[in-house]
Amino acid sequence: MNEHDEMLLSAYLDDELDPSERAKFEARLAADGILTERLQAWQAMRTLVVAEAEAEANDLPVARFEQIWDQVRSTLEPSSSPTVQSNVVSLPIWRRYWPVLAAAAAAVALVILLPRTAPESTAPHTPPAVAVAPSAAPATSSPNDPSSSPPQAVSNNEVQIERIEFAGQSGRIAQIEDVRGTTTVIWIEEDPQPVDSERSL
Amino acid sequence: MKSFWSLSLFAACVLVGSALLPNAALARVPAGGASPPTADAVEVAAVGSASCRVLSIVAKKDGDGTIPPNLKALEAELRSDQFAAYKSFELVEEKSVSVSEASDSSVAMKIGYDVKLRLLAVESARLKLHLSLLAKGGNKPLLDADYSVRNGGVLLVVAGKRDQGRALFAFQCRAR
């Protein structure tokens, strides 16, 4: 007996065959003893299962049966259950889209609030700002390495040092920030023995 | 996952906002230097020559801190923390030199240094220059640098000890 026969058997027991198919299957049953035995076995099993289920159902109180049935129905039809509906909370629009709104507000604030420096500032200012500390110089050549330093690209400054070599002991680059802008200062460290200039001769 | 997209969107908005900033927000405040603080922000044609002023100054650690009138243009720089150790400044010499792209222009300074300048390029209101500073009698430049500066901008170079003080140079060049 194959799988198709088992499907036919199941449909026959459940009365799901149309009249012509039912007639054909009954003809096969009359001719096939094995198929008939299988049908009888299935019928016996079905009778047992139904009897057991009915016995169990008869033991349940009616109220409990209704309760179980309500649970099954609520699982199958969640939209109709008032309990499920009450768990759905609809957030206001601003709470749903707060990340987007926050990002947009931040971008607007950046555009509007960032200071815009005038090209020609003539307003009087307080005394010059603190200069950059010499130790914070971005390009320094060591005493034993007189090779050229990597280019120093300093945005918004007056001077951009593209190549520098110190042949002496060492050197450093510093910057002075004042009301008129940025001034670059290159410090050269020479040999310790001073050389007299022409003025002193 | 939701927070990742929110963060990405925020970053994108920040980038867009930054890109919309006008270039004027990054405009430079013109520096003074050794000349009145007039902005020479005009477009400079590729003329190939410039005129430079070289000032040699002696900075000393004694004095009353007065800036002489001939160095008033550099007062803000000389009073900065960079030169806090020095209490007096004396302009030793000022020389004008024409520089071009053709060759080095040499200037011998009384303070004991030789200066070489060469114009490398003129690029839209900025000059690109080569500067070399040698001590008299030296065979190798103490400083050899290529730099670009705003037309009329100033570069300060502090060299070694001279005349009981420290030699200081100011370089200012303008395109012709």
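**One residue, then the rest**

A: Start with B:Ser148, which sits in strand β6 (residues 143–150) of chain B. Bear in mind that this is a predicted model.

Q: Is B:Ser148 buried or exposed?
A: B:Ser148 is buried: its relative accessible area is 6%, and the cut-off for buried is under 20%.

Q: Which residues does B:Ser148 touch, leaving out those up to four places away in sequence?
A: From chain A there are A:Glu158, A:Val159, A:Gln160 and A:Glu162. From chain B there are B:Arg126, B:Leu127 and B:Lys128.

Q: What salt bridge does B:Lys128 make?
A: The side chain of B:Lys128 pairs with that of B:Glu123, at 3.6 Å from N to O. B:Glu123 is partly exposed, with 42% relative accessible area.

Q: OK, salt bridges in general. How many over all chains?
A: The search of the whole structure gives 17.

Q: Which residues form a network of them?
A: A:Arg163, A:Glu165, B:Asp144 and B:Asp146 are linked that way. Within it, A:Glu165 and A:Arg163 form a salt bridge with their closest N and O atoms 3.1 Å apart. A:Glu165 is partly exposed, at 27% relative accessibility.

Q: What does A:Asp14 pair with?
A: A:Arg46, in a salt bridge of 4.0 Å, N to O. A:Asp14 is in the loop between α1 (3–13) and α2 (19–31) of chain A, while A:Arg46 is in helix α3 (residues 33–59), so the pair ties together parts 32 residues apart in sequence.

Q: And how accessible are those two?
A: A:Asp14 is partly exposed at 39% relative accessibility. A:Arg46 is also partly exposed, with a relative accessible area of 40%.

Q: Switching to the fold: how many helices and strands in chain A?
A: Seven helices and three strands. Along the sequence the pattern is α-α-α-α-α-α-α-β-β-β.

Q: How much of chain A is buried?
A: Buried residues are 24% of its 201 residues. The accessible surface of chain A is about 13900 Å², with 59% of that belonging to carbon and sulfur atoms.

Q: Back to chain B. Which strands does β1(B) pair with?
A: Strand β1 (residues 49–60) runs antiparallel to strand β2 (residues 88–100), with 12 bridges joining them. β1(B) also pairs with strand β8 (residues 165–175) of chain B, again antiparallel, over 10 bridges.

Methods
Residues are numbered from 1 along each chain as its sequence is written. Chains are lettered from A and ligands numbered from 1 in the order in which they are written. This is a predicted model: local features need pLDDT of at least 70, side-chain atom pairs count only at pLDDT 80 or more; totals for chains, interfaces and linings use all residues. Side-chain values use heavy atoms; hydrogens and water are left out. Two strands pair if DSSP finds at least two bridges between them. Helices (H or I, at least four residues) and strands (E, at least two) are DSSP runs, numbered from the N terminus. Buried means under 20% relative accessible area, exposed over 50%, partly exposed in between (1.4 Å probe, protein chains only). Accessible areas come from the Shrake-Rupley method with a 1.4 Å probe; for residues, only the protein chains shown count as cover. Contact means heavy atoms within 4.5 Å.
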